[in-house]
Amino acid sequence: MDYSIETAPLEKLQSDCIIVGVYQDKHLSPAADAINTSTQGMVSQLLERGDLSGKNGETVLINVAPGSHARILVVGLGEHKPLSTKNFCKALAAAALSLRKTPVKHAVSTLAECAVTDADWNWKSRQTVQAFADSVYQYTHTKSDKATESKLEKLSITAPEAQLAFAQTGMAQGVAIAEGISLTKFLSDLPGNICTPSFLAEQASQVASQSAQMTVTILEEADMEELGMGSFLSVTRGSREPAKLICLHYQGAASSEKPIVLVGKGLTFDAGGISLKPGPGMDEMKYDMCGGAAVIGTLKAAAQMQLPLNVIGLVPSSENLPDGNANKPGDIWTSMAGKTIEILNTDAEGRLILCDTLTYAERFNPDVVIDLATLTGACLVALGRIPSGLLGNDDDLCQDLQTASETANDSIWRLPLWEEYQELLQSNFADMANIGGKDAGTITAACFLSRFAENFRWAHLDIAGTAWRSGQNKGATGRPVPLLCQYLLDRAVKLDA
Ligand code: BES
Ligand code: MN
Ligand code: ZN
């Protein structure tokens, strides 16, 4: 997809489709008003006849209009007042979706001209790019027919001359973030027989090779052995694919600057191991590497935006399968931190690969560590598929993530990590058990991780409900790349100030 910012008046712009907004009190945005005049009142007729109410996210496509070569997509914006960031994104997503099955190749969006609370042109143009890129993405890698539903090749965003520079910066950031999201979705959607730990490592290496400021190191099982990662290595015992610990280093600041470390669970297929999962829906456990994919996607975006930060991405990657050599309930292993772990359920494997990676993160003297993992089915029970779960040991870091999540329209919700929950991990035979029983599964999983994150500021995102959609529209969402990129952008701005 190509993107551009246009400051010329609408009637001077060539395209297949002009996107304009209307409010539910029948008020027309300036662009809608101009189009209405040049098309003998087509837009206001829609409203008067009741074909469009102006409710947020409603759309009507006028295929043929007098006085216009282009189609006109009229989008409802909702109440006639500054839009919330959420509603602005919702209107954009609806606009993008309604063009998906049309022949439109080049669209012009005028929606950024509408007022949005607490948003500038940088943000509005960035979100416009992200919304359209999101709807254009379609997985075809293992389909014979590679034709995509969307024919869109170019999106132009109209902006006033005075805002050109902001809109252009926002567009460039939007393109970088969108590419990170689309790589994340692609890696996530790939099947487990293609997307193995070795494949993920190759993909990360490719991302690193595209930036002069990025390097990659891949730790092999022998390296992990030497480091004493007994917990991580126990998970890969049942697998014939070699496990990898992928380390991406992006250096955008002086090496004296402490890095932000992102850790992503990269379980390329989770059958549960000896504590085998039930059959129905097990295919979706190819998505158990979404956290790892999001780390790779975020680092790609950070490098493309040339952020003045040091960011390290760590992706522990393995499969979790039943086998004669696999982890068994009751087995006890020693983690890299020296703490012993009794495996009471081999399906609670994510925390086992993450805990050694958190210990490994210490050597980078991190400013903060944020891990993201499709960690617990319990997170779906607690929060559904709307927000990702947030837990952590530092209120400022959690607050920064919450702020970024609102700006990025990529929601999270914090759960408590109180000391009282820790006793649920008690084991009679080891320093801790790897599960905490029936109650508060998302919290006890985070409690387990917290024991390996005592020496730095740390936050954990449980993305089990948000990283992919189930059912007819099964597919990866690319979350929480928007949130992480916004967090990094906010950190870069703080440096500036
Ligand atoms: N990858 C799963 C978590 C998961 C399950 C994410 C379903 C999304 C949908 C994780 O490895 C797992 O199996 N967790 C167990 C933990 C339990 C054994 C304490 C779970 O959630 O059932
Ligand atoms: Mn599992
Ligand atoms: Zn898992």
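Predicted model: local features only at pLDDT ≥ 70, side-chain atom pairs only at ≥ 80, totals over all residues.
Residues are numbered from 1 along each chain as its sequence is written, chains are lettered from A and ligands numbered from 1 in the order in which they are written. Local features need pLDDT of at least 70, side-chain atom pairs count only at pLDDT 80 or more, totals for chains, interfaces and linings use all residues, and side-chain values use heavy atoms, with hydrogens and water left out.

Let's begin with the metals. The zinc ion (ligand 3) is held by K265 (NZ), D270 (OD), D288 (OD) and E349 (OE), at 2.0 to 2.4 Å. A donor here is an N, O or S atom within 2.8 Å of the metal (3.2 Å for Na, K and Ca), and since water is not among the atoms, sites may look incomplete. Six donor atoms surround this zinc ion (ligand 3), with angles of 78 to 177 degrees among them, and the site is octahedral. As for the labels, four donors count as tetrahedral if all angles lie between 85 and 135 degrees; four count as square planar and six as octahedral if opposite donors are over 155 degrees apart and all others between 65 and 115; anything else is irregular. Along the chain, the donors of the zinc ion (ligand 3) are spaced K-x4-D-x17-D-x60-E. Two of them come from distant parts of the chain: K265 is in the loop between β9 (260-264) and β10 (266-270), while E349 is in the loop between β13 (340-342) and α10 (350-361), 84 residues apart. Helices (H or I, at least four residues) and strands (E, at least two) are DSSP runs, numbered from the N terminus.

Now for the neighbour. The manganese ion (ligand 2) is 3.2 Å from the zinc ion (ligand 3), and D270 coordinates both. Around the manganese ion (ligand 2) you'll find D270 (OD), D347 (O), D347 (OD) and E349 (OE), at 2.0 to 2.2 Å. Its six donor atoms subtend angles of 70 to 169 degrees, so the arrangement is irregular. Buried means under 20% relative accessible area, exposed over 50%, and partly exposed in between (1.4 Å probe, protein chains only). K265 is buried too.

Next come the salt bridges, each a side-chain nitrogen of Lys or Arg within 4 Å of a carboxyl oxygen of Asp or Glu. By this rule there are 17 of them. One joins D367 to R491, 2.7 Å from N to O. D367 lies in the loop between α10 and β14 (368-373) and R491 in helix α15 (residues 481-496), so this pair ties together parts that are 124 residues apart in sequence. Both D367 and R491 are buried. Another salt bridge brings D394 and R457 together at 3.2 Å, N to O. Here D394 sits in the loop between β15 (388-392) and α12 (395-408) and R457 in strand β18 (residues 457-462), so parts 63 residues apart in sequence are tied together. D394 counts as buried at 16% relative accessibility, whereas R457 is partly exposed at 28%.

On to the rings. Rings of Phe, Tyr and Trp (its six-membered ring) pair if their centres lie within 6.5 Å; planes under 30 degrees apart count as stacked, over 60 as edge-to-face and the rest as tilted. By this rule the count comes to six aromatic pairs. In one of them, the ring centres of F88 and W123 are 5.6 Å apart and the planes at 40 degrees, so the pair is tilted. F88 belongs to helix α3 (residues 85-99) and W123 to helix α4 (residues 121-136), 35 residues apart. Both F88 and W123 are buried. Y360 and F364 make an edge-to-face pair, 5.7 Å centre to centre with 85 degrees between the planes.

Finally, take a look at α4 itself. Its 16 residues reach 23 Å from first C-alpha to last, close to the 22 Å expected at 1.5 Å a residue, where the expected span is 1.5 Å times one less than the number of residues. Helix α4 is mostly covered, with 14 of its 16 residues buried.
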